[in-house]
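The following note sets out numbered points for a colleague who is examining the model. Please read them alongside the coordinates.

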Amino acid sequence: MTFKEAIVTRFQAMVQTRELRKRVLFTLGCFLVARIGVHIPVPGINMELFRDFTGGSSLAQFLNLFTGGAVQRASIFSLGITPYINASIVFQILGVLWPRIEEMQKEGGKEADKITQWTRYLTIVTTLFQSAGIALLLQSNNLVREPGTIFVLTTVVLITGGTAFLMWLSERISIKGIGNGTSMLIFLNIVSNLPQVVKGTVDQLRTSGRGPALGYISLTLFVVIIMIMVVIQLGERRIPIQYVGKSSRGVMDQPSVVGRKTYLPVKINTAGVMPIIFASMIMAVPSAVIPLIKDEAKRAYLLNLFGPKGWAYLLLTIVLIVLFSFFYTAIVFDPDKIADSLKQSGGSIPLKRAGKETSEFLEYVATRITFGTAIFLAILGILPNVWFGYVLNIPVMLGGTSLLILVGVAVELIQNIDSHMATQKYKGFNNIRRRR
């Protein structure tokens with residue numbers, strides 16, 4: 001199947017399949033609402049002074065990318081979905097440190113709902129503090145037309161309400177739409193800023209007098225990086241599985257898996273884009289804390305060190321992506337559960353005993369795959385920063401983290417569409433069998 005045929009097939013599936021069409025339209029509707037909210041500003045701010053104030057801030061530029069331009073507009077969505085992601089990180093870490101939280105996460109059902117509810121509460125609490133800090137920061141820098149208690153309360157209520165609404169919207173997308181709601185909203189915000197990023201890159205190259213050659217080389221490099229990322233996202237390790245027992249009739253008169261060999265697919269990038277998102281959220285902390293340092297020389301040194309092309313920033317990004325890749329894989333991929341499922345269904349890995357030996361083998365395979373993939377993704381994650389900062393010698397317009405998120409979410413979206421298509425085909429097979 002050619003690239004054009006693959007796109008046409010999926011587009012036809014979205015149009016013709018009622019369930020998939022409803023989910024896609026619902027997601028697009030949520031996107032529209034999210035983009036409208038970005039253009040609703042917090043009242044009482046002097047926008048001319050505010051733009052000058054945020055223009056040179058690396059933290060503001062970072063948040064602006066992940067909020068789809070909400071920061072530069074002083075929008076009620078200025079914090080975006082970031083507090084919700086941070087709250088999720090907290091409970092993911094607590095799951096490792098506190099066995100009871102881990103049990104609740106694995107049990108699912110009402111126990112998992114409790115974790116979700118606690119995550120929402122933590123999101124609201126952190127947003128209250130962050131929005132209050134934003135209001136006080138604006139007042140202290142004389143960016144408010146009428147400073148006072150009313151402005152602080154209004155800002156806290158509107159920004160907290162905006163974040164709470166985005167949190168609710170992301171959960172609706174996950175349930176009624178297509179894809180992971182949090183990832184989809186971040187994907188939307190990054191995509192909405194791409195025209196500005198391309199224009200800024202072209203203008204910077206023209207200003208620096210480096211000519212169009214580097215521009216074409218940069219475009220080629222990014223296309224190659226995207227292709228490699230797609231391969232990583234779609235790649236899988238197939239572990240052979242042998243089912244023993246009496247053969248039985250399968251779907252549409254085809255033989256079942258019982259009595260013949262099949263395989264267990266293990267994704268090369270099991271953790272998906274979440275480790276990259278988690279790492280990027282943590283790397284925003286130094287940019288928020290360093291400007292509070294009073295010593296001007298020390299502040300400038302640290303800002304350069306933890307800037308988008310600083311060696312400390314690049315090194316920490318690599319370490320965090322690797323760590324979160326292992327951490328999230330351990331949450332998503334449960335070798336004990338898979339081994340028990342295989343044992344109960346009569347399946348086994350050749351030359352491996354069912355139970356503990358199978359579980360240890362699966363964990364060994366997952367660890368090896370994750371190690372290689374995490375290192376590779378970490379390098380790809382910092383490559384655009386190095387290219388912009390040291391080769392082109394211009395401000396970093398699009399970081400590797402953003403690029404990885406774009407590709408990762410796009411691939412996951414395509415896989416979700418394929419999954420819905422496969423489900424509809426399976427339902428069709430069942431209907432034909434009933435008619436017979």
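1. Terms and basis. A residue is called buried when its relative accessible area is under 20%, exposed when over 50%, and partly exposed in between (1.4 Å probe, protein chains only). The model is a predicted one, in which local features need pLDDT of at least 70 and side-chain atom pairs count only at pLDDT 80 or more, while totals for chains, interfaces and linings use all residues. Residues are numbered from 1 along each chain as its sequence is written, and side-chain values use heavy atoms, with hydrogens and water left out.

2. Overall content. The protein has 16 helices and three strands; these are DSSP runs numbered from the N terminus, helices being H or I of at least four residues and strands E of at least two. Of its 436 residues, 43% count as buried. With contact meaning heavy atoms within 4.5 Å, residues 24 or more positions apart account for 74% of the contacts with a separation of 6 or more.

3. Helix H10. The buried residues of H10 are Leu214, Ser218, Phe222, Ile225, Met229, Ile232 and Gln233. An α-helix has 3.6 residues a turn, so residues three or four places apart point the same way. The expected span of a helix is 1.5 Å times one less than its number of residues. For the 23 residues of H10 (residues 212–234) this gives 33 Å, and the end C-alpha atoms are 33 Å apart, in agreement.

4. Helix H7. Buried positions in H7 are Glu111, Ile115, Thr119, Thr123, Thr127, Ser131, Ala135 and Leu138. After H7 comes Asn142, with a positive phi near 55°.

5. Trp118. This residue lies in helix H7 (residues 109–140). Trp118 counts as partly exposed because its relative accessibility is 35%. Leaving aside neighbours within four places in sequence, Trp118 is in contact with Phe91, Ile101 and Met104. Trp118 and Phe91 are 27 residues apart along the chain, and their C-alpha atoms are separated by 8.7 Å.

6. Thr163. Is Thr163 buried or exposed? Thr163, found in helix H8, is buried, as its relative accessible area is 1%. Beyond neighbours within four places in sequence, the contacts of Thr163 are Ile76, Leu79, Gly80, Pro83, Thr123 and Thr127. Thr123 and Thr127 are among the buried residues of H7.

7. Cavities. On a 1 Å grid over the protein atoms alone, a cavity is a set of points where a 1.4 Å probe fits but cannot get out; a pocket is an open set with protein on both sides within 12 Å along at least five of seven lines, and lining residues have an atom within 4 Å of a point. Grid points are joined across faces, edges and corners, and a volume is the space filled by probe spheres set on the points. Four cavities of 30 Å³ or more are counted by this rule. The largest cavity holds about 80 Å³ and is lined by Ala34, Val38, Thr67, Phe77, Gly80, Ile81, Leu166, Leu185 and Asn189. Helix H2 (18–38) and helix H9 (181–208) are the elements that give two or more residues to this lining. By class the lining has six nonpolar, three polar and no charged residues, where Ala, Val, Leu, Ile, Met, Phe, Trp, Tyr, Cys and Pro count as nonpolar, Asp, Glu, Lys and Arg as charged, and the others, Gly among them, as polar.

8. Second largest pocket. Its volume is about 990 Å³. There are 32 lining residues, of which Tyr84, Ser88, Gln92, Asn180 and Tyr328 lie nearest the centre. H5 gives the most to the lining, with five residues. The lining divides into 16 nonpolar, 14 polar and two charged residues.

9. Positive phi in loops. Ala74, which is not a glycine, has a positive phi of about 50°. Ala74 is found in the loop between helix H4 (58–66) and H5 and is buried, with a relative accessible area of 4%. Leu351, also other than glycine, has a positive phi near 70°. Leu351 is placed in the loop between strand S3 (347–348) and helix H15 (356–391), and is exposed at a relative accessible area of 83%.
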